[in-house]
Amino acid sequence: MLRRPGYRRALVFCAVIGIPVSLAAFWFLVLLHELQNLLWVDWPHHLGWTDPPWWWPLPPALVSGVVVALVVIRFPGRGGHIPAAGLHPGGATKAALPGVMLAALASLPLGAALGPEAPMIALGGALALVFRDLARAPATEASTSLLGAAGSAAAISAIFGNPLIAAVLLMEVAGVGGPQLFAVMLPALLASGIGAIVFTGFGHWTGLQTGSLSIGLPAPPMLDTGDVVWSVLMAVVIGAVIHWVIVGGRIVAGFVAAHPLRNTVLCALAAAGCAALYAVVTGRSPAEVSLSGQTTLTQLAADPHAWPVGSLVAVLVFKALAYALCLGSLRGGPVFPSLFLGGALGVLLSPLPGLGVVPGMAAGMAAASAAALRLPVSCVVLVVLMVGNSETVPVIVLAAVVAFVVTELLPQGPGIPAFTAGSRRGPRPASSRP
C-alpha cells in the first residue's frame with residue numbers, strides 16, 4: 001500500500017490537515033474551559049460565594065435545553081448524534097458542523113454531565129473534509145473515510161493529550177476488523193492480564209529477577225490477592241450499574257424524540273435538579289454533579305479521603321441520574337462522566353479488606369468506561385495512561401474485560417430513536433452494540 005502514490009499523497013495531506021484541525025480543537029476546548037470557569041467559578045466568587053449556591057445549575061439548564069432543542073429541530077445534523085448511542089466514527093458533515101458546535105457550547109459549559117469527545121470527533125472529521133475541498137482534492141468514498149478518521153484522531157488527541165489514545169479509540173470506534181477484533185482481543189486482553197498477575201506475583205514470592213524495563217522510578221505498592229479479587233467483583237457490579245445508566249439514557253432519548261423542545265428542556269432541568277438536590281443534601285458544590293466530572297475526578301484522585309462516605313454515595317446517585325438524563329437529551333460525549341463514576345465507586349469500595357485506593361480507582365474507571373463505551377482496548381489504554389501506575393495494569397485489564405462481557409450479556413434496552421423534526425416515531429429496535 002505504501003508503494004501507491006495516491007496513498008503516500010493521502011499520508012502527506014493527513015499530516016498537513018492535522019495542524020489546523022489540532023489548532024481548532026485546542027481553541028474550542030479553551031473556549032469551553034473558559035466559559036465553564038466563568039460560569040461556575042468566577043461569577044459565584046464575584047457574587048460572594050465560595051461555591052455556586054444550590055440553585056445555580058437551574059437557570060443555565062433552562063438556556064441549555066432551549067438552545068439544544070432548537071438546534072436539533074432547526075439545524076442540519078440535529079446537533080450531532082445522541083450521546084446515549086456511544087461514540088461514532090467519521091464526525092459530522094460540513095453542513096452539520098455549525099449545529100454540532102453550537103449544541104456543544106450550549107450543553108457542556110452550562111452544566112451537562114457529558115464530556116467534549118463526541119463534538120471533537122465531529123469537529124475534526126468535518127474540518128478535514130473542509131480542507132480537502134479547499135485543496136480541491138478528489139472527493140471519493142475512500143478519501144472521505146480516511147480523512148474523516150484522520151481529522152477526528154487529530155482532534156480527539158487534543159482532549160486526552162496523547163495520540164496513542166486517539167489512534168486506538170478511533171480504530172475501535174470505526175470497527176476495524178469487525179467482530180473479529182473483539183473475538184481476538186478479548187481473550188488476548190484477559191490472558192495478558194492474568195499472565196501479568198501470575199508473573200508479577202511469582203517474582204514477588206520467589207525473590208528472583210528476570211530483568212526489567214524500569215528506569216528507576218519509585219515503585220508503587222505491589223498488588224495482592226485482595227486487589228485482584230475485589231477488582232473483578234467490582235467490575236461485575238460496576239459494569240451492570242453503568243449499563244443500566246446507559247439504557248436509561250436511551251429511554252430518555254425516546255422520551256425527548258416525542259416532543260423535542262418541551263422534553264429536552266424538562267430533561268435539562270431535571271439534570272440540574274439532581275445537582276441542586278446534591279448540593280442541598282451534602283452542602284457541597286452542585287458542580288460536582290453538573291459538568292463532565294473531569295476536574296472533580298482530579299480532585300478525588302488527589303485527596304480521596306476528603307470525601308465522606310455520605311458525599312460519595314450522594315454524588316454517585318445524583319451524578320448517575322444526571323448522566324442518564326443528559327445522555328438522552330443534550331449533546332456531548334459519554335467518556336468523562338463514566339470515568340468519574342467508576343473512580344468514585346472505586347474510592348467508596350476501597351475500605352474492603354485487601355483493596356487499596358489506587359487499585360480500586362483504577363479498576364473502577366476501567367470497568368465503568370468499558371461498560372459505557374463498549375471499547376475495552378481503548379479504555380485500558382486510556383486508564384493506564386491516566387493512572388500512570390504500571391503496577392495496576394493487570395487489574396485495569398481484568399476490570400475492563402469483565403465489565404465489557406457483563407454489559408454485552410445483559411439486555412440491551414431500546415434503540416436510539418430515528419428522529420427528524422416534527423417526527424413522533426418511536427425508537428428503533430435495540431442492537432447488540434450502542
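The legends below all refer to a predicted model.

**View 1. A trio of tryptophans joined by ring pairs.**
Let us start with Trp-49, whose relative accessible area of 32% makes this residue partly exposed. Its ring pairs with that of Trp-55, the two centres being 5.9 Å apart; because the planes meet at 80°, the arrangement is edge-to-face. Trp-49 also pairs with Trp-56: here the centres are 6.1 Å apart and the planes stand at 70°, so this pair is edge-to-face too. Trp-55 is partly exposed at 35% relative accessible area, whereas Trp-56 is buried at 8%. Together, Trp-49, Trp-55 and Trp-56 form a cluster linked by ring pairs. For context, the whole structure contains five aromatic pairs.

**View 2. Arg-284 over the ring of Trp-307.**
In this close-up, look for Arg-284 above the face of Trp-307. The distance to the ring centre is 4.1 Å.

**View 3. Lys-319 over the ring of Phe-340.**
Here a lysine takes part: Lys-319 is placed over the face of Phe-340. From Lys-319 to the centre of that ring is 5.6 Å.

**View 4. Thr-407, a buried residue of helix 15.**
Helix 15 spans residues 393-409 and includes Thr-407. With a relative accessible area of 0%, Thr-407 is under the 20% limit and therefore counts as buried. Which residues does Thr-407 touch, leaving aside those up to four places away in sequence? They are Gly-239, His-243, Ala-371, Arg-374 and Gln-412.

**View 5. Cysteines in a structure with zero disulfides.**
Cys-267 takes part in none, and the nearest cysteine sulfur to it belongs to Cys-326, 8.7 Å away. Is Cys-267 buried or exposed? Its relative accessible area is 4%, so Cys-267 is buried. Cys-379 is likewise classed as buried, at 1% relative accessibility.

Conventions
Residues numbered from 1 in each chain as written. Predicted model: local features only at pLDDT ≥ 70, side-chain atom pairs only at ≥ 80, totals over all residues. Heavy atoms only, no water. Disulfide = S-S within 2.5 Å. Buried < 20%, exposed > 50% of the residue type's maximum accessible area, 1.4 Å probe, protein only. Helix = DSSP H or I, 4+ residues; strand = E, 2+ residues; numbered from the N terminus. Contact = heavy atoms within 4.5 Å. Phe/Tyr/Trp six-rings, centres within 6.5 Å; stacked < 30°, edge-to-face > 60°. Lys NZ or Arg CZ within 6 Å of the ring centre and 35° of its normal.
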